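Please keep the structure in view while reading.

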Amino acid sequence: MKSVNYTLLGDESIAKDLGKKGTSTDLTIYDRKEVEVLRTWTIPTSFPDKISSLFQALNMAEYVIFYVTKLDKYTGEQIVALDSLSKTQGLLSHSYDVDRNTLVSMIKGTVVEHYKIVELENLKKEADALQPISKAGKLKITIDHCFDVKGVGTVILGKVTQGKVRVYDNLKLVPKGVDVVVKSIQMHDDSVEEASSPARVGLAVKGIVPDDVQRGDLLCMPDTVLVSNEIELDYIPNKFFKEKIAENQTFLVNLGLQIKPAKITSLNPMRLLLAKPVAYEKGEICVILKPESASIRIVGSGKIK
(Lines give C-alpha, C1' and ligand atoms only; values in the text may rest on other atoms or scores of the structure.)
Protein backbone atom coordinates (compact mmCIF):
# COMPACT_ATOMS: atom_id res chain seq x y z
CA MET A 1 0.00 0.00 0.00
CA LYS A 2 1.26 3.47 -0.92
CA SER A 3 1.33 6.29 1.63
CA VAL A 4 1.07 10.07 1.41
CA ASN A 5 1.62 12.25 4.49
CA TYR A 6 0.50 15.84 4.97
CA THR A 7 0.86 18.47 7.68
CA LEU A 8 -2.29 20.56 8.05
CA LEU A 9 -1.61 24.15 9.14
CA GLY A 10 -3.81 27.15 9.76
CA ASP A 11 -7.46 26.39 10.47
CA GLU A 12 -7.79 22.70 11.41
CA SER A 13 -11.61 22.66 11.12
CA ILE A 14 -11.33 21.24 7.60
CA ALA A 15 -9.56 18.09 8.87
CA LYS A 16 -12.84 16.20 9.37
CA ASP A 17 -13.51 16.54 5.64
CA LEU A 18 -10.15 15.01 4.77
CA GLY A 19 -9.98 11.93 6.98
CA LYS A 20 -10.96 10.14 10.18
CA LYS A 21 -9.57 11.32 13.52
CA GLY A 22 -7.09 8.97 15.18
CA THR A 23 -4.36 9.49 17.77
CA SER A 24 -4.69 12.86 19.50
CA THR A 25 -2.17 14.35 21.93
CA ASP A 26 -0.27 17.58 21.30
CA LEU A 27 -0.28 16.23 17.73
CA THR A 28 -3.55 15.04 16.18
CA ILE A 29 -3.58 12.58 13.30
CA TYR A 30 -6.32 12.05 10.73
CA ASP A 31 -6.17 9.38 8.05
CA ARG A 32 -8.14 7.98 5.15
CA LYS A 33 -7.66 4.59 3.55
CA GLU A 34 -8.41 4.03 -0.11
CA VAL A 35 -7.90 0.96 -2.27
CA GLU A 36 -4.17 1.49 -2.81
CA VAL A 37 -3.31 4.65 -0.86
CA LEU A 38 -3.26 5.57 2.83
CA ARG A 39 -3.39 9.34 3.38
CA THR A 40 -2.42 10.85 6.74
CA TRP A 41 -2.75 14.42 8.03
CA THR A 42 -0.89 15.64 11.14
CA ILE A 43 -2.03 18.75 13.01
CA PRO A 44 0.10 20.58 15.61
CA THR A 45 -2.74 20.67 18.15
CA SER A 46 -0.83 22.54 20.85
CA PHE A 47 0.35 25.31 18.49
CA PRO A 48 0.42 28.29 18.98
CA ASP A 49 0.89 27.63 22.70
CA LYS A 50 3.85 25.33 21.99
CA ILE A 51 6.14 26.14 19.07
CA SER A 52 7.74 22.67 19.29
CA SER A 53 4.60 20.87 18.09
CA LEU A 54 4.60 22.96 14.90
CA PHE A 55 8.07 21.75 13.95
CA GLN A 56 7.35 18.15 14.93
CA ALA A 57 4.20 18.10 12.79
CA LEU A 58 6.09 19.57 9.83
CA ASN A 59 8.78 16.92 10.11
CA MET A 60 6.20 14.12 9.90
CA ALA A 61 5.05 14.86 6.36
CA GLU A 62 6.14 15.26 2.78
CA TYR A 63 3.44 17.80 1.90
CA VAL A 64 1.88 20.84 3.59
CA ILE A 65 -1.76 21.88 3.41
CA PHE A 66 -1.98 25.48 4.62
CA TYR A 67 -5.52 26.85 5.12
CA VAL A 68 -5.31 30.48 6.23
CA THR A 69 -8.32 32.10 7.93
CA LYS A 70 -6.56 35.04 9.57
CA LEU A 71 -3.40 37.05 9.06
CA ASP A 72 -1.71 37.36 12.43
CA LYS A 73 1.70 36.79 13.99
CA TYR A 74 1.07 33.04 14.22
CA THR A 75 0.39 32.84 10.49
CA GLY A 76 3.70 34.63 10.02
CA GLU A 77 5.42 32.22 12.41
CA GLN A 78 4.13 29.25 10.42
CA ILE A 79 5.44 30.79 7.19
CA VAL A 80 8.88 31.28 8.77
CA ALA A 81 8.82 27.69 10.07
CA LEU A 82 8.06 26.34 6.60
CA ASP A 83 10.88 28.42 5.17
CA SER A 84 13.32 27.31 7.90
CA LEU A 85 12.67 23.64 7.10
CA SER A 86 12.61 24.19 3.32
CA LYS A 87 9.15 22.61 3.06
CA THR A 88 8.77 23.25 -0.65
CA GLN A 89 5.82 20.96 -1.45
CA GLY A 90 2.40 22.26 -0.53
CA LEU A 91 -1.02 23.69 -1.23
CA LEU A 92 -2.25 27.08 -0.01
CA SER A 93 -5.87 28.07 0.48
CA HIS A 94 -7.63 30.83 2.40
CA SER A 95 -11.06 31.86 3.62
CA TYR A 96 -13.08 34.61 1.94
CA ASP A 97 -12.29 37.17 4.65
CA VAL A 98 -8.53 36.91 4.05
CA ASP A 99 -7.21 39.39 1.51
CA ARG A 100 -5.26 37.42 -1.08
CA ASN A 101 -2.96 40.29 -2.01
CA THR A 102 -1.90 40.72 1.63
CA LEU A 103 -1.33 36.97 1.97
CA VAL A 104 0.73 36.89 -1.24
CA SER A 105 2.81 39.76 0.13
CA MET A 106 3.42 37.82 3.38
CA ILE A 107 4.70 34.71 1.58
CA LYS A 108 6.82 36.56 -0.98
CA GLY A 109 10.43 35.36 -0.94
CA THR A 110 9.62 32.20 1.06
CA VAL A 111 9.04 28.58 0.04
CA VAL A 112 5.29 29.17 0.50
CA GLU A 113 5.39 31.52 -2.50
CA HIS A 114 5.68 28.41 -4.68
CA TYR A 115 2.70 26.55 -3.18
CA LYS A 116 -0.26 26.09 -5.47
CA ILE A 117 -3.11 28.40 -4.42
CA VAL A 118 -6.46 26.59 -4.58
CA GLU A 119 -10.01 27.39 -3.58
CA LEU A 120 -11.26 25.59 -0.47
CA GLU A 121 -13.83 23.56 -2.39
CA ASN A 122 -11.01 22.13 -4.54
CA LEU A 123 -8.53 21.51 -1.70
CA LYS A 124 -9.38 17.84 -1.07
CA LYS A 125 -9.22 17.02 -4.80
CA GLU A 126 -5.86 18.78 -5.18
CA ALA A 127 -4.45 17.05 -2.07
CA ASP A 128 -5.58 13.65 -3.36
CA ALA A 129 -3.71 14.30 -6.61
CA LEU A 130 -0.36 14.57 -4.78
CA GLN A 131 1.78 11.46 -5.25
CA PRO A 132 3.83 9.50 -2.68
CA ILE A 133 7.41 10.63 -2.13
CA SER A 134 9.55 7.72 -1.00
CA LYS A 135 13.17 7.65 0.10
CA ALA A 136 15.41 4.66 -0.53
CA GLY A 137 18.36 3.68 1.61
CA LYS A 138 19.03 2.08 4.97
CA LEU A 139 15.92 1.74 7.10
CA LYS A 140 15.06 4.69 9.35
CA ILE A 141 11.80 4.97 11.31
CA THR A 142 10.99 8.20 13.15
CA ILE A 143 8.91 7.59 16.28
CA ASP A 144 6.10 9.97 17.28
CA HIS A 145 4.18 7.92 19.88
CA CYS A 146 4.87 4.86 22.05
CA PHE A 147 2.60 3.06 24.53
CA ASP A 148 1.77 -0.28 26.08
CA VAL A 149 -1.10 -2.37 24.71
CA LYS A 150 -2.55 -5.12 26.90
CA GLY A 151 -1.80 -8.53 25.41
CA VAL A 152 0.54 -7.03 22.78
CA GLY A 153 3.25 -5.17 24.72
CA THR A 154 5.14 -2.13 23.54
CA VAL A 155 3.67 -0.48 20.42
CA ILE A 156 5.44 2.23 18.45
CA LEU A 157 3.76 4.65 16.04
CA GLY A 158 5.94 6.34 13.48
CA LYS A 159 6.90 6.98 9.90
CA VAL A 160 9.24 4.93 7.74
CA THR A 161 11.35 7.92 6.81
CA GLN A 162 13.73 5.87 4.69
CA GLY A 163 13.98 2.30 3.38
CA LYS A 164 11.76 -0.67 4.25
CA VAL A 165 10.85 -2.40 7.53
CA ARG A 166 10.02 -6.10 7.75
CA VAL A 167 8.62 -8.36 10.45
CA TYR A 168 11.43 -9.84 12.61
CA ASP A 169 13.89 -7.06 11.69
CA ASN A 170 16.56 -6.54 14.34
CA LEU A 171 16.97 -2.80 14.81
CA LYS A 172 18.58 -0.23 17.10
CA LEU A 173 16.67 2.36 19.09
CA VAL A 174 18.81 5.51 18.89
CA PRO A 175 20.17 7.60 20.45
CA LYS A 176 19.88 5.08 23.34
CA GLY A 177 21.48 2.24 21.32
CA VAL A 178 19.09 -0.48 22.58
CA ASP A 179 18.38 -3.60 20.47
CA VAL A 180 14.77 -3.95 19.28
CA VAL A 181 12.97 -6.76 17.40
CA VAL A 182 9.90 -6.01 15.24
CA LYS A 183 7.21 -8.56 16.14
CA SER A 184 4.46 -7.27 13.84
CA ILE A 185 3.59 -4.36 11.57
CA GLN A 186 0.24 -2.67 11.05
CA MET A 187 -0.89 -0.04 8.58
CA HIS A 188 -4.31 1.45 9.32
CA ASP A 189 -5.18 -1.59 11.51
CA ASP A 190 -4.23 -4.06 8.78
CA SER A 191 -1.36 -6.48 9.47
CA VAL A 192 1.39 -6.44 6.85
CA GLU A 193 4.72 -8.25 6.49
CA GLU A 194 6.63 -5.16 5.36
CA ALA A 195 6.22 -1.42 4.84
CA SER A 196 8.23 1.02 2.74
CA SER A 197 8.95 4.74 2.97
CA PRO A 198 6.96 6.94 3.55
CA ALA A 199 4.48 4.63 5.29
CA ARG A 200 3.01 5.39 8.71
CA VAL A 201 3.19 2.22 10.75
CA GLY A 202 2.30 0.73 14.08
CA LEU A 203 4.98 -1.68 15.28
CA ALA A 204 4.69 -4.22 18.07
CA VAL A 205 8.26 -4.57 19.32
CA LYS A 206 10.32 -6.55 21.78
CA GLY A 207 13.32 -5.32 23.78
CA ILE A 208 12.01 -1.99 25.09
CA VAL A 209 9.21 -0.54 27.20
CA PRO A 210 7.48 2.82 26.57
CA ASP A 211 9.61 4.55 29.22
CA ASP A 212 12.68 3.79 27.06
CA VAL A 213 11.30 5.81 24.15
CA GLN A 214 11.03 9.53 23.49
CA ARG A 215 9.35 11.25 20.57
CA GLY A 216 11.91 11.74 17.83
CA ASP A 217 13.89 8.61 18.64
CA LEU A 218 14.77 6.50 15.61
CA LEU A 219 14.58 2.81 14.83
CA CYS A 220 17.24 1.92 12.29
CA MET A 221 19.91 -0.51 11.22
CA PRO A 222 23.21 -0.20 13.11
CA ASP A 223 25.49 2.66 11.95
CA THR A 224 22.74 4.32 9.89
CA VAL A 225 22.88 7.63 11.79
CA LEU A 226 25.29 9.60 13.94
CA VAL A 227 24.74 10.12 17.66
CA SER A 228 26.26 13.05 19.55
CA ASN A 229 25.49 15.85 21.99
CA GLU A 230 27.62 18.32 20.00
CA ILE A 231 26.68 19.61 16.55
CA GLU A 232 27.87 22.35 14.20
CA LEU A 233 25.52 24.19 11.85
CA ASP A 234 25.79 26.07 8.59
CA TYR A 235 23.73 28.69 10.38
CA ILE A 236 21.27 31.20 8.92
CA PRO A 237 19.67 33.66 11.39
CA ASN A 238 15.97 34.40 11.16
CA LYS A 239 15.80 38.03 10.02
CA PHE A 240 12.58 38.57 12.01
CA PHE A 241 14.16 37.53 15.33
CA LYS A 242 15.55 40.82 16.68
CA GLU A 243 17.07 39.72 20.00
CA LYS A 244 20.82 39.39 20.36
CA ILE A 245 22.21 35.91 20.88
CA ALA A 246 25.51 35.11 22.57
CA GLU A 247 27.74 32.24 23.60
CA ASN A 248 26.58 30.28 26.66
CA GLN A 249 22.94 31.16 26.05
CA THR A 250 20.55 28.20 26.21
CA PHE A 251 17.78 27.55 23.69
CA LEU A 252 15.68 24.65 22.47
CA VAL A 253 16.72 22.94 19.25
CA ASN A 254 14.51 20.99 16.87
CA LEU A 255 15.98 18.17 14.83
CA GLY A 256 13.41 15.97 13.11
CA LEU A 257 10.98 15.21 15.92
CA GLN A 258 13.65 15.63 18.57
CA ILE A 259 13.40 18.68 20.86
CA LYS A 260 16.39 19.22 23.17
CA PRO A 261 17.83 22.05 25.30
CA ALA A 262 21.17 23.25 23.93
CA LYS A 263 23.82 25.81 24.81
CA ILE A 264 25.65 27.87 22.20
CA THR A 265 29.37 27.22 22.58
CA SER A 266 30.42 29.16 19.48
CA LEU A 267 28.69 31.70 17.25
CA ASN A 268 31.01 31.56 14.26
CA PRO A 269 30.83 28.76 13.38
CA MET A 270 27.57 27.98 15.18
CA ARG A 271 28.24 25.13 17.59
CA LEU A 272 25.73 23.69 20.05
CA LEU A 273 26.17 21.54 23.14
CA LEU A 274 22.96 19.58 23.77
CA ALA A 275 21.74 18.45 27.17
CA LYS A 276 21.31 14.92 25.79
CA PRO A 277 22.58 13.17 22.64
CA VAL A 278 20.59 13.35 19.41
CA ALA A 279 20.48 11.04 16.41
CA TYR A 280 21.08 12.71 13.05
CA GLU A 281 22.59 12.61 9.58
CA LYS A 282 24.83 15.29 8.14
CA GLY A 283 22.86 17.77 6.07
CA GLU A 284 19.72 17.56 8.23
CA ILE A 285 18.16 20.88 9.19
CA CYS A 286 18.36 21.93 12.83
CA VAL A 287 16.22 24.85 14.07
CA ILE A 288 17.01 26.97 17.13
CA LEU A 289 13.94 28.05 19.12
CA LYS A 290 13.23 30.43 21.98
CA PRO A 291 9.75 29.40 23.24
CA GLU A 292 9.53 32.17 25.83
CA SER A 293 10.07 34.97 23.29
CA ALA A 294 7.20 37.47 23.23
CA SER A 295 7.52 37.94 19.48
CA ILE A 296 8.64 35.33 16.97
CA ARG A 297 10.11 32.22 18.60
CA ILE A 298 12.28 31.00 15.71
CA VAL A 299 15.87 32.16 16.22
CA GLY A 300 17.48 30.61 13.12
CA SER A 301 18.34 27.35 11.44
CA GLY A 302 21.01 25.52 9.51
CA LYS A 303 22.13 22.22 8.06
CA ILE A 304 24.34 20.06 10.25
CA LYS A 305 27.92 19.93 9.04
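## Largest pocket

A pocket is worked out on a 1 Å grid over the protein atoms alone. It is an open set of points with protein on both sides within 12 Å along at least five of seven lines, whereas a cavity is a set where a 1.4 Å probe fits but cannot get out. Lining residues have an atom within 4 Å of a point. Grid points are joined across faces, edges and corners, and a volume is the space filled by probe spheres set on the points.

The model is predicted: local features need pLDDT of at least 70, side-chain atom pairs count only at pLDDT 80 or more, and totals for chains, interfaces and linings use all residues. Residues are numbered from 1 along each chain as its sequence is written, and side-chain values use heavy atoms, with hydrogens and water left out.

The largest pocket has a volume of about 850 Å³. Its lining has 30 residues. Nearest the centre lie Asn59, Lys87, Lys135, Thr161 and Glu284. Strands β8 (140–149) and β9 (153–162) each supply at least two lining residues. Strands are DSSP runs of E, at least two residues; helices are runs of H or I, at least four; both are numbered from the N terminus.

By class, the lining has 10 nonpolar, 12 polar and eight charged residues. Here Ala, Val, Leu, Ile, Met, Phe, Trp, Tyr, Cys and Pro count as nonpolar, Asp, Glu, Lys and Arg as charged, and the others, Gly among them, as polar.

## Nonpolar cores

A nonpolar core is a set of buried Ala, Val, Leu, Ile, Met, Phe, Trp, Tyr and Cys residues joined through side-chain atoms within 4.5 Å. Buried means under 20% relative accessible area, exposed over 50%, and partly exposed in between (1.4 Å probe, protein chains only).

The largest core holds 44 residues. Phe66, Leu82, Val112, Leu233, Leu272 and Ile288 touch the most other members. Another core, of 22 residues, lies apart from it; among its members are Leu38, Val160, Ile185 and Ile208.

## Aromatic pairs

Rings of Phe, Tyr and Trp (its six-membered ring) pair if their centres lie within 6.5 Å; planes under 30 degrees apart count as stacked, over 60 as edge-to-face and the rest as tilted. The whole structure has three such pairs. Tyr6 and Trp41 are stacked, at 4.9 Å centre to centre and 10 degrees between the planes. Tyr6 sits in strand β1 (residues 2–10) and Trp41 in strand β4 (residues 37–43), so the pair ties together parts 35 residues apart in sequence. Both Tyr6 and Trp41 are buried. With Tyr63, they form one aromatic cluster.

Phe47 and Tyr74 have ring centres 6.1 Å apart and planes at 85 degrees, so this pair is edge-to-face. Phe47 is in the loop between β4 and α1 (51–58), and Tyr74 is in helix α2 (residues 73–84), 27 residues apart. Phe47 is buried at 12% relative accessibility. Tyr74 is partly exposed at 29%.

Leu91 lies in strand β6 (residues 90–94). It is buried, at 3% relative accessibility. Contact means heavy atoms within 4.5 Å. Leaving aside neighbours within four places in sequence, Leu91 is in contact with residues including Val64, Phe66, Tyr115 and Leu130. Leu91 and Tyr115 are 24 residues apart in sequence and 5.1 Å apart C-alpha to C-alpha.

Asp179 belongs to strand β12 (residues 178–187). Asp179 is exposed, at 51%. Beyond four places in sequence, Asp179 touches Leu171, Lys172, Lys206 and Gly207.
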